[in-house]
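These are my notebook entries on a fold that I examined element by element. I looked up charged pairs, then the sheet, then the helices.

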Amino acid sequence: MSDQSTDLRETVRERYAAAAVQVTEGGTACCGPQAIEIDDNFGSPLYAADEREALPAEAVAASLGCGNPTAVAGLHEGERVLDLGSGGGIDVLLSARRVGATGKAYGLDMTEEMLALALANQKKAGATNVEFLKGTIEAIPLPANTIDVVISNCVINLSTDKPAVFAEMFRVLAPGGRIGISDVVADDTLTPAQRAERGDYVGCIAGALSFAEYREGLLAAGFTDIELNATHEVADGMHSAIVRAIKPTTAPISIGSGAARQLAQDGSGCCS
């Protein structure tokens with residue numbers, strides 16, 4: 001990793017650590033200084049009222065995302081879910097409710113303060129099918145072929161090595177597994193410099209890929225059935241988007257995985 005990338009990662013870590021501390025002390029997190037105003041395009045307003053009310057207030061307050069990936073991932077009972085950049089744990093806790101006692105929800109974050117907040121929220125929620133891991137999304141600390149669904153909420157655009165993130169998602173997914181991601185994506189007409197003008201990295205904007213770049217990155221990692229659909233504009237030419245893709249079933253899959261169980265039940269092998 002270059003010195004510039006290392007410095008940027010540390011900037012992101014410091015800003016999210018500060019957000020976690022602010023929430024712990026009773027405040028509300030935000031993406032940090034940026035060229036756009038934080039409004040209903042980001043954070044807890046993107047979740048239904050009944051979802052927010054079912055979770056600890058601190059998990060809701062720490063929400064920094066640009067979407068609601070648990071609403072688009074099509075989670076099933078018994079599946080194993082991994083949330084990249086899990087923050088205060090809102091998407092992990094919602095996923096845990098959807099996959100039930102026979103499933104498992106993992107959260108991965110590199111920030112000690114966010115992990116501490118997430119663990120406190122897990123305890124308050126009484127979630128027993130949840131595990132939080134420390135690490136980076138470019139080097140996921142889980143074995144290959146062990147996850148049914150990868151989700152993420154406005155985090156991949158913060159990475160300085162997105163090909164590594166895509167490769168790691170592909171590696172940990174079981175064959176037939178899928179991704180259901182919310183992320184900021186740029187119009188294909190915007191240059192990297194123009195994206196940078198719309199907000200800094202920690203402001204969830206500057207690091208965004210274009211729609212074409214995102215698709216090409218997922219294809220290069222091996223994903224198929226790729227869908228990118230913009231949901232709302234978060235800055236001029238910058239969109240919150242739903243990203244879906246599938247890891248092909250190119251090898252036998254264990255009957256223990258959620259994807260395999262569904263295949264055995266209805267022959268679909270994936271979400272509908």
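**Entry 1: charged pairs.** I took a salt bridge to be a side-chain nitrogen of Lys or Arg within 4 Å of a carboxyl oxygen of Asp or Glu. The model is predicted, so local features need pLDDT of at least 70 and side-chain atom pairs count only at pLDDT 80 or more, whereas totals for chains, interfaces and linings use all residues. Residues are numbered from 1 along each chain as its sequence is written, and side-chain values use heavy atoms, with hydrogens and water left out.

My search of the whole structure returned seven salt bridges. One of them joins the side chains of R178 and E79, at 3.0 Å from N to O. R178 belongs to strand β5 and E79 to the loop between α3 (57-61) and β1, so the pair ties together parts that are 99 residues apart in sequence.

**Entry 2: the sheet.** I used DSSP runs for helices (H or I, at least four residues) and strands (E, at least two), numbered from the N terminus. Two strands pair if DSSP finds at least two bridges between them.

I found an open sheet of seven strands with mixed pairing, in the order β3-β2-β1-β4-β5-β7-β6. β3 (130-134) and β6 (224-235) stand at the edges with a single partner strand each, so one side of each has no neighbour in the sheet. On average, neighbouring strands are turned by 15 degrees against each other, direction ignored.

I then followed β7 (residues 238-246), which pairs with β5 (residues 173-186) in the antiparallel sense over nine bridges. In this pairing G180 stands opposite R244 of β7. β7 also pairs with β6, again antiparallel, over eight bridges, and L228 has V243 in β7 as its bridge partner. β6 and β7 form a hairpin with two residues between them, and G237 in the turn has a positive phi of about 80 degrees.

**Entry 3: helices.** I took axes as lines fitted to C-alpha atoms, for helices over the stretch in contact, with angles from 0 to 180 degrees between N-to-C directions. Contact means heavy atoms within 4.5 Å.

Helix α5 (residues 112-125) lies across β2 (104-109) and β3, and runs at about 170 degrees to β3. Helix α6 packs on the sheet and touches β1 (80-84), β4 (147-153) and β5, its direction making about 150 degrees with that of β5.

I also recorded that α6 (residues 162-172) packs with α8 (residues 211-221) at about 45 degrees, their axes 9 Å apart. The contact is made by F166, A167, M169 and F170 of α6 with Y214, G217, L218 and A221 of α8.
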